[in-house]
Amino acid sequence: MNAPRLAAPVTGAVGRFLAGAGLLLRGLGLYVRSPGLMLLGIVPALLSGALFLAAFATLVYFVDDLAALVTPFADDWSATPRGLVRVIAGLAFLGLGGLLAVVTFTAVTLVIGDPFYEKISERVEERYGGTPGAVDVPFWASLRRSVVDSLRLVAISALVGVPLFAAGFIPVVGQTVVPVIGAAVGGWFLTLELVGAPFYRRGMRLPDRRSRLKADRPTALGFGVAVFVCFLIPLGAVLVMPAAVAGATLLARRSLGQPIEER
């Protein structure tokens, strides 16, 4: 029998970034070829998607009022500059709302669908050789840890989002550079969220996830940014979430030096 093969090494930050994005495509392939996984994954994502779509629609409805609220200094300006600064403020609000919505959506959906996504992750692991060093974690203990870690990540992402929101007021930079930084930040937090199940299965917590993913940050960012961009597409989060869980399992195995090629 041939020994299991690890993923071929990819050198260069750009190559590793693209390899990380490729893991999402592989997760999508596993998801599409497994109707059972599709059924397991779509229900919790639909529930969360409806909730967050309503919340974001509410933000869009009130964004003009919010923009006026944070720019009282422009009340006495002429119409054109006042309108410009409030458009920038509105875009900054939508950008911050989008960043927090994507990260929070993932956290909430993983909590709602914990049994479903755990099953998806387990099936992916079985396909590629099982879970070395697996530990038996009771459901409620696993759920409690997942909620605590998710709240920590959402809180950190909110703190990071505040300066990004402020930078959104900077003309040109706020509409070009800041969204790119937001995608990178959001992608990193998404990755930390999504690899939770395979790490918990090995008795490893959030600090372990961080250290393992930092060892190959370009690959982790490539995966996370690809997921982040997909989540920004209408209904993308609902459709891609189960595939992201499958791809994250491959990423976790890769970061732990375990095979991600079928035997």
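Which residues does Ser255 touch, not counting residues up to four places away in sequence? I looked this up first in the predicted model.

**Entry on Ser255.** I located Ser255 in helix H10. Leaving aside residues up to four places away in sequence, I found that Ser255 touches Phe199, Arg212 and Leu213. I then examined the side chain of Ser255 and noted that one of its polar atoms lies 2.8 Å from the backbone oxygen of Ala252.

**Entry on H3 and H9.** I next turned to helix H3 (residues 79-112) and helix H9 (residues 217-232), whose axes come within 10 Å and cross at roughly 105°. Angles of 65 to 115 degrees count as roughly perpendicular, so I recorded H3 as roughly perpendicular to H9. On the H3 side I listed Leu99, Val102, Phe105 and Thr106, which meet Phe228, Phe231 and Leu232 of H9. Sorted by class, this contact of H3 with H9 has six nonpolar residues, one polar residue and no charged residues.

**Entry on the largest pocket.** I noted a volume of about 870 Å³ for the largest pocket. Its lining comprises 36 residues, and those nearest the centre of the pocket are Phe56, Gly98, Leu99, Val102 and Leu232. I traced the elements giving two or more residues to this lining: helix H2 (35-69), H3, helix H5 (139-167), helix H6 (173-194), H9 and helix H10 (236-255). Which element gives the largest share of the lining? I found that it is H3, with eleven residues.

**Cross-reference.** I marked Leu99, Val102 and Leu232 as residues of the contact between H3 and H9 that also lie nearest the centre of the largest pocket.

How values were computed:
Residues are numbered from 1 along each chain as its sequence is written. This is a predicted model: local features need pLDDT of at least 70, side-chain atom pairs count only at pLDDT 80 or more; totals for chains, interfaces and linings use all residues. Side-chain values use heavy atoms; hydrogens and water are left out. Axes are lines fitted to C-alpha atoms, for helices over the stretch in contact, and angles run from 0 to 180 degrees between N-to-C directions. Helices (H or I, at least four residues) and strands (E, at least two) are DSSP runs, numbered from the N terminus. Angles under 35 degrees count as roughly parallel, over 145 as roughly antiparallel, 65 to 115 as roughly perpendicular and the rest as oblique. Contact means heavy atoms within 4.5 Å. Ala, Val, Leu, Ile, Met, Phe, Trp, Tyr, Cys and Pro count as nonpolar, Asp, Glu, Lys and Arg as charged, and the others, Gly among them, as polar. On a 1 Å grid over the protein atoms alone, a cavity is a set of points where a 1.4 Å probe fits but cannot get out, and a pocket is an open set with protein on both sides within 12 Å along at least five of seven lines; lining residues have an atom within 4 Å of a point. Grid points are joined across faces, edges and corners, and a volume is the space filled by probe spheres set on the points. A polar contact is a pair of N or O atoms within 3.5 Å; within protein, one must be able to donate a hydrogen and the other to accept it, and residues adjacent in sequence count only if both atoms are side-chain atoms.
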